[in-house]
Amino acid sequence: MTVVCVDVPGCEHGAILATAQGGSVVFFSMATSFPAAALGAEGLAADVTMLIGNGYVPGHAQYALDLLRDEPGVRMLFTARTGADPAQ
């Protein structure tokens, strides 16, 4: 799973390339557009699942917190980088 939390136009291709075939890419950024991400995945012949959201969609913040708390890989990266426990 690849999680993108930056507001950088054009980050879609790098995120898709960094994701294993059959994996998931979660875009939590305002700069990401669905057409750019979908065309990028198609152009790279990548078999990935994509979720694109932003902080203005109801439930988005809760989804992000649940992802952080429930996905061991995401939680491990967060804890390694911040030293914080997302469960608290």
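Helices (DSSP runs of H or I with at least four residues) and strands (DSSP runs of E with at least two) are numbered from the N terminus. On that basis the elements of this chain follow the order β-α-β-α-β-α-α from the N terminus on, giving four helices and three strands. The model is predicted, so local features need a pLDDT of at least 70 and side-chain atom pairs count only at pLDDT 80 or more, while totals for chains, interfaces and linings use all residues. Residues are numbered from 1 along each chain as its sequence is written, and side-chain values use heavy atoms, with hydrogens and water left out.

The elements named in this report are listed here.

| Element | Residues |
|---|---|
| Helix H1 | 12-17 |
| Strand E2 | 24-28 |
| Helix H2 | 34-43 |
| Strand E3 | 49-53 |
| Helix H3 | 60-70 |
| Helix H4 | 72-82 |

A residue is called buried under 20% relative accessible area, exposed over 50% and partly exposed in between, with a 1.4 Å probe and protein chains only. Of the 88 residues of the chain, 28% count as buried. In soluble globular proteins, nonpolar side chains tend to be buried together. A nonpolar core is a set of buried Ala, Val, Leu, Ile, Met, Phe, Trp, Tyr and Cys residues joined through side-chain atoms within 4.5 Å, and the largest one here has ten residues: Val-4, Cys-11, Ala-15, Ile-16, Val-25, Phe-27, Ala-37, Ala-41, Ala-46 and Val-48. H1, E2 and H2 each supply at least two residues of this core. With contact meaning heavy atoms within 4.5 Å, Ala-41 touches Ile-16, Ala-46, Val-48 and Met-50 when residues up to four places away in sequence are not counted.

Asp-47, in the loop between H2 and E3, is exposed, with a relative accessible area of 53%. Leaving aside neighbours within four places in sequence, Asp-47 is in contact with Ala-20, Gln-21, Gly-22 and Gly-23. Although Asp-47 and Ala-20 are 27 residues apart along the chain, their C-alpha atoms are separated by 8.3 Å.

The axes are lines fitted to C-alpha atoms over the stretch in contact, and angles run from 0 to 180 degrees between N-to-C directions. Angles under 35 degrees count as roughly parallel, over 145 as roughly antiparallel, 65 to 115 as roughly perpendicular and the rest as oblique, and H3 and H4 are therefore roughly perpendicular to each other. Leu-67, Leu-68, Arg-69 and Asp-70 in H3 meet Pro-72, Val-74, Arg-75 and Phe-78 in H4.
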